Amino acid sequence: MEHVLEDQIRRLVARLIDELGGADTLVPRRAGRERPLIAANWKMNMSLQTANRFIDGLQHAPYAHCRVVICPPYPLLAPLAARLEPLQVALGAQNLHEARQGAYTGEVHGELLAELGCAYVLIGHSERRAAGEAAQRVARKLARALETGLTPVLCIGETQAERDAGLTGSVLREQLLSALADIKTAAPDIVIAYEPVWAIGTGRTALPSEAQETHRYIRDVLGEWRSSRLAEEIPILYGGSVQAQTVGELCAMPDIDGALVGGASLAADTFEAIITALQKG
C-alpha cells in the first residue's frame with residue numbers, strides 16, 4: 001500500500017509542476033550541466049559501411065551547444081574513433097568486463113576500450129539486466145570503468161509491472177545505491193541514465209513533468225549517497241523513445257541533462273534532428 005501511495009504522491013507533484021509553469025519555476029541547473037549530453041546507443045546494429053555513411057551524414061558537427069557520444073558495437077570502435085575525433089564527438093562502448101584481463105572469452109576489458117579511444121561506457125543497461133546481469137556485477141563494472149578512466153553511464157529504470165505497482169521509487173533507489181556501493185572516490189565522474197523500461201522502443205515517453213519528478217528523485221538519492229553538492233553536478237539523462245519532437249521539452253526541465261537515444265540514433269538525419277532541436281536561439 002505504501003508503494004502505491006508513494007507513486008500517487010509522485011504523480012501529484014508532477015501535475016503541480018505543470019500547473020506552476022513547469023521548468024521555469026524550478027531551481028536553475030548547476031554549472032557544469034548547462035550543455036546537454038546526447039548519447040547514441042546503436043546496440044547490435046550497423047555495419048562498417050552503414051556506420052561510415054552515418055558519419056558522412058552528420059551535417060552540423062561539431063556541436064557547440066551540446067556534448068555528443070556514439071556507442072557502437074565493439075568491432076566498430078577502432079574504425080570510428082579517427083572519424084569522430086575531428087567532429088568532437090566522443091566514443092563510447094556498450095559494456096565492459098569487470099576484470100582487468102583474463103580467460104573471459106568474448107569479453108572486453110576497460111583498458112582496451114580506453115586505448116581504442118573510448119571516453120564513455122554504458123553500464124547496467126536494462127537489456128543486459130534482463131539477460132541476467134546481477135546488481136553486484138553492475139557495481140563491479142561501474143567501479144572498473146572509473147579505475148580505467150572511463151566515464152560510466154549507469155542505466156537504471158523500472159518495468160511496466162513495477163510502475164503499475166507503485167514501485168518506481170524503490171526500484172530506482174535499489175538499482176542506484178547497489179551500483180554505487182563499490183565506489184571509493186569522493187567525487188566520481190559518472191553519468192546516470194534513467195530509462196523507463198516500459199518506454200524503450202515502444203514509442204511511449206514519460207510526460208516532461210513526470211520525467212522531471214523522477215530525475216529529481218534520483219538526484220535526491222545521489223545526495224543521500226554522497227552530498228547534495230555532488231548530486232547537483234552529476235548529469236542525469238532520459239532514455240525512452242526519445243525523438244526530436246520531445247527532446248526539447250524534456251531537456252528544458254532542470255534535472256534532465258540530456259538523452260540516451262536508441263532507435264532514433266540509427267540514422268544520421270533523425271539523430272542530428274534531436275541534437276539540433278536543443279540548439280538555443
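**Exercise 1. Place R33 in the fold and find what surrounds R33.**

Step 1: R33 sits in the loop that runs between α1 (2–19) and β1 (37–41). Helices (H or I, at least four residues) and strands (E, at least two) are DSSP runs, numbered from the N terminus. The model is a predicted one, where local features need pLDDT of at least 70, side-chain atom pairs count only at pLDDT 80 or more, and totals for chains, interfaces and linings use all residues. Residues are numbered from 1 along each chain as its sequence is written, and side-chain values use heavy atoms, with hydrogens and water left out.

Step 2: Is R33 buried or exposed? With a relative accessible area of 2%, R33 is buried. Buried means under 20% relative accessible area, exposed over 50%, and partly exposed in between (1.4 Å probe, protein chains only).

Step 3: Look for contacts, meaning heavy atoms within 4.5 Å. Not counting residues up to four places away in sequence, R33 touches R219, E232, E233, I234, P235, P254, D255 and D257.

Step 4: Now pick out the polar partners. A polar contact is a pair of N or O atoms within 3.5 Å; within protein, one must be able to donate a hydrogen and the other to accept it, and residues adjacent in sequence count only if both atoms are side-chain atoms. A polar side-chain atom of R33 lies 2.7 Å from the backbone oxygen of P254, and the side chains of R33 and D257 are joined by a polar contact of 3.0 Å.

**Exercise 2. Work out how the UniProt "active site" residues are arranged.**

Step 1: In an unreviewed entry, UniProt lists H125 and E195 under "active site". Although they span 71 residues in sequence, no two of their C-alpha atoms are more than 8.4 Å apart, so they gather at one spot. UniProt positions are given in the numbering used here, feature names are shortened, and annotations may be inferred rather than shown by experiment.

Step 2: Take H125, found in the loop between β4 (118–123) and α5 (126–130). H125 counts as buried at 5% relative accessibility. Its side chain reaches the backbone nitrogen of E127 at 3.0 Å. Beyond four places in sequence, H125 touches N41, K43, C155 and E195.

Step 3: Turn to E195, in the loop between β6 (191–194) and α9 (208–225). E195 is buried as well, at 6% relative accessibility. Leaving aside neighbours within four places in sequence, the contacts of E195 include H125, C155, G157 and L260.

**Exercise 3. Decide how helix α2 is oriented.**

Step 1: Which residues of α2 (residues 48–56) are buried? They are A51, F54 and I55.

Step 2: Seen down the axis of α2, these buried residues fall within an arc of 95 degrees, so they line one face of the helix. The arc is that of the directions from the helix axis to the C-beta atoms.

Step 3: The cover over the buried residues of α2 includes β2 (67–71), α3 (77–84) and α12 (268–277).
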